[in-house]
Amino acid sequence: MSPMTQRSQKRWRWWREALSAIAFAVAPYSTVAGDTVPDPVKLANLVRQDCGSCHGLTLKGGLGKPLTADRMTQWDRSQIVHIILDGVPGTPMPPWRPLLSEADARWIADSLKKGMLQ
Ligand code: HEC
């Protein structure tokens, strides 16, 4: 093996190690920012308490409209996810993006459609 190839192989190995060290350091954060596995207990409580403060404890409506399975038939899953993450501008319905991941919002949308949290 020529000294030249040896040196470039060594450099390549260094990069590989450096990159995997970075990936390792960043991994815990990317699961926080990205799609985490929804925690049903946490989300069910959030829906009852936080969403319930406007939509009613049994989600039958209050300041916000009812979130009953009946009413949710008018929206498809992706529309509900969009409403949850981005809110309804010009109304008190706030965007939940700072607190909820896409996966969380999908879980909530599915649960509302099934009437699981009523
Ligand atoms: C600060 C009060 C408030 C909170 C908290 C709140 N909402 Fe709302 N939400 C509203 C209001 C008001 C509307 C009606 C907006 C409109 O006039 O179209 C609404 C509308 C909606 C709609 C559309 C309903 C429909 O059929 O038109 C969905 C779905 C929804 N909210 C889900 C949620 C979820 C899920 C949460 C909790 C993660 C939540 N909201 C928390 C006030 C709130």
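Helices (H or I, at least four residues) and strands (E, at least two) are DSSP runs, numbered from the N terminus. The structure is a predicted model, in which local features need pLDDT of at least 70, side-chain atom pairs count only at pLDDT 80 or more, and totals for chains, interfaces and linings use all residues. Residues are numbered from 1 along each chain as its sequence is written.

**View 1. Overall fold of the protein.** The protein has 5 helices and 0 strands, and its pattern along the sequence reads α-α-α-α-α. A residue is termed buried if 20 or more other C-beta atoms lie within 10 Å of its own, exposed if 12 or fewer, and partly exposed in between, with C-beta atoms placed from the backbone. Of the 118 residues in the protein, 15% are buried. Two residues are in contact if their C-beta atoms, placed from the backbone, lie within 7 Å. Among contacts between residues at least 6 apart in sequence, 54% join residues at least 24 apart.

**View 2. The loop between H2 and H3.** Helix H2 spans residues 40–55, and helix H3 spans residues 69–72. Leu59 lies in the loop between H2 and H3, and Lys60 is found in this loop as well. Leu59 is not a glycine, although its phi is positive, at about 65 degrees. Is Leu59 buried or exposed? Leu59 is buried, because 23 other C-beta atoms lie within 10 Å. Lys60, with 14 other C-beta atoms within 10 Å, is therefore partly exposed. Residues up to four places away in sequence not being counted, Lys60 touches Pro66 and Thr68. The C-alpha atoms of Lys60 and Gln118 are separated by 8.0 Å, while these residues stand 58 residues apart along the chain.

**View 3. The two sides of helix H4.** Helix H4 comprises residues 77–86. Ile80, Val81 and Ile84 are its buried residues shown here. They lie on the same side of H4, because they cover an arc of only 100 degrees around the axis; the arc is that of the directions from the helix axis to the C-beta atoms. The cover over the buried residues of H4 includes H3 and helix H5 (102–114). Exposed Ser78 and Gln79 are carried on the face of H4 turned away from its buried side. Just after H4, Gly87 has a positive phi of about 70 degrees.

**View 4. The largest nonpolar core.** A nonpolar core is a set of buried Ala, Val, Leu, Ile, Met, Phe, Trp, Tyr and Cys residues joined through C-beta atoms within 7 Å. The largest such core has 15 residues, and those with the most contacts inside it are Ile80, Ile84, Ala105, Ile108, Ala109 and Leu112. H2, H4 and H5 are the elements that give two or more residues to this core, and H5 gives the most, with 5 residues. Apart from its neighbours within four places in sequence, Ile80 contacts Met72, Trp75, Ala109 and Leu112.

View 5. A residue is near a molecule or strand if its C-beta atom, placed from the backbone, lies within 6 Å of it. Of the 21 residues around the ligand, those that come nearest are Cys51, Cys54, Gly64, Thr91 and Met93. The elements giving two or more residues to this shell are H2 and H4. H2 supplies the largest share, 6 residues. By class, the shell has 14 nonpolar, 4 polar and 3 charged residues; Ala, Val, Leu, Ile, Met, Phe, Trp, Tyr, Cys and Pro count as nonpolar, Asp, Glu, Lys and Arg as charged, and the others, Gly among them, as polar.
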